Amino acid sequence: MRIAIDAMGGDHAPSLIVQGAVEAALEWPELRIILVGDTAQIEKHIGAKKPSNIEIVHADDVIGPEDEPVKAVRRKKNSSMVMAGQLVREGHAEAMLSAGNTGALMTTGLLVVGRLEGMERPALVTMLPTMDDVGCLALDLGANMDAKPEHLLQYAIMGSIYRSKMNGMEKPRVGLLNVGTEAMKGNELTKAAYELLESAPINFIGNVEARDVLLRNCDVLICDGFAGNIMLKAMEGTAGTLFKAIRDVFTSSLLTKLAAAVVLPRMRKLRGKMDYTEHGGAPLLGVNGLVVKCHGSSDVKAVKNAVRQAKLAIESNLISSIAAEISRK
């Protein structure tokens with residue numbers, strides 16, 4: 001199994017990206033990890049003891065966070081991100097990971113790796129934390145701001161296959177994000193999508209509301225990228241504000257500091273539920289290879305978990321299973 005990693009993308013690149021790759025290479029010696037980027041910088045952070053299953057592919061350029069995605073991918077063909085995508089397209093790697101520019105990675109998936117046959121719009125997938133620690137797979141969360149009912153149908157099929165292959169769920173419950181649970185609630189998009197999902201070969205349970213997602217009212221949450229990204233950012237903001245408010249309360253007096261010492265272990269466990277580093281990355285499903293978007297602030301732990309996630313997806317034949325199902329539609 002070969003996994004290409006954009007070593008130059010992300011807030012902490014290349015140092016923490018390379019260190020995470022090294023830890024993954026040591027943990028899973030059966031993997032072949034290809035670090036794409038400036039050779040001198042990569043070797044500097046690997047050090048003298050480079051694992052034998054790490055390979056370096058030199059890239060002269062980098063796509064930065066300020067670059068316009070389409071122009072950058074088309075003009076910076078020697079960038080670490082584009083070259084990692086080329087390795088997947090040409091069959092030299094089964095997966096690529098990047099913590100770099102999200103829009104550029106989506107464009108790389110579409111223009112470099114290429115869409116699966118029959119796939120209209122790839123979707124960005126994220127595992128939302130739930131109180132029972134099982135998680136809720138949500139798509140699309142930002143790859144496409146606009147969607148048609150047929151796109152949401154394809155998202156649902158891909159999401160069901162993902163949970164089956166990656167999480168071992170026999171009949172994952174698929175819900176459609178809406179403003180109410182009644183069948184005829186919502187806008188024209190959700191009403192039309194509801195009818196398609198009812199007749200799809202999935203376990204569709206109907207409309208679900210965002211307020212219940214963290215309680216796992218479904219296993220796969222379907223939405224367009226605009227609504228999904230707003231929901232995701234609202235959850236992240238709420239969680240951050242809530243933990244700050246709790247910290248302020250527990251540090252306000254000597255008495256509350258003593259109370260904090262008692263509940264701190266449980267609070268850390270709760271915070272861990274919301275920790276992006278535990279969930280690896282966000283796959284871009286619908287392209288002809290495994291493309292994983294890591295958080296821009298990914299550290300060593302996050303990179304290692306993203307490699308673990310990619311490894312499982314390869315072992316589970318995730319992409320070929322999606323391709324086979326989509327081609328039948």
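Predicted model: local features only at pLDDT ≥ 70, side-chain atom pairs only at ≥ 80, totals over all residues.

Residues are numbered from 1 along each chain as its sequence is written, and side-chain values use heavy atoms, with hydrogens and water left out.

**Exercise 1. Find the order of the strands in the open sheet of seven strands, and name its edge strands.**

Step 1: Helices (H or I, at least four residues) and strands (E, at least two) are DSSP runs, numbered from the N terminus. Two strands pair if DSSP finds at least two bridges between them.

Step 2: The order is 3-2-1-4-12-11-5, and the pairing is mixed.

Step 3: Look at the two ends. Strand 3 (54–58) and strand 5 (123–124) are the edge strands, each pairing on one side only.

Step 4: Helix 5 (residues 102–113) touches strand 4, strand 5, strand 11 (282–285) and strand 12 (290–293). The direction of helix 5 makes about 175° with that of strand 12. For such values, axes are lines fitted to C-alpha atoms, for helices over the stretch in contact, and angles run from 0 to 180 degrees between N-to-C directions.

**Exercise 2. Describe how strand 4 is paired, and say where its side chains point.**

Step 1: Take one neighbour. Strand 1 (residues 2–6) pairs with strand 4 (residues 95–98) in the parallel sense over three bridges. Isoleucine 3 has alanine 95 as its bridge partner in strand 4, and for alanine 4 the partner there is methionine 96.

Step 2: Take another neighbour. Strand 4 and strand 12 run parallel and are joined by four bridges. Serine 98 has lysine 293 of strand 12 as its bridge partner.

Step 3: Follow the side chains. Ala95 and Leu97 point one way from strand 4, Met96 and Ser98 point the other way, and all are buried. Buried means under 20% relative accessible area, exposed over 50%, and partly exposed in between (1.4 Å probe, protein chains only).

**Exercise 3. Work out why strand 6 and strand 9 count as edges of the sheet of five strands.**

Step 1: Write down the order. This open sheet runs 6-7-10-8-9, with mixed pairing.

Step 2: Count partners. Strand 6 (126–128) and strand 9 (203–208) each have a single partner strand, so one side of each is left without a neighbour in the sheet.

Step 3: Zoom in on one pair. Strand 7 (residues 136–139) and strand 10 (residues 220–222) are parallel and share three bridges. Within this pair, alanine 138 has leucine 221 of strand 10 as its bridge partner.

**Exercise 4. Compare how helix 1 meets helix 10 and helix 2.**

Step 1: Begin with helix 10. Helix 1 and helix 10 pack at an angle of about 45°, with axes 8 Å apart. They are therefore oblique to each other (under 35 degrees is roughly parallel, over 145 roughly antiparallel, 65 to 115 roughly perpendicular, and the rest oblique).

Step 2: Sort the residues. By class, this contact of helix 1 with helix 10 has seven nonpolar, two polar and three charged residues. Contact means heavy atoms within 4.5 Å; Ala, Val, Leu, Ile, Met, Phe, Trp, Tyr, Cys and Pro count as nonpolar, Asp, Glu, Lys and Arg as charged, and the others, Gly among them, as polar.

Step 3: Turn to helix 2 (residues 39–46). The axes of helix 1 and helix 2 come within 9 Å and cross at roughly 60°, and these helices are therefore oblique to each other. Ser15, Val18 and Val22 of helix 1 meet Ile42, His45 and Ile46 of helix 2. That contact of helix 1 with helix 2 divides into four nonpolar, two polar and no charged residues.
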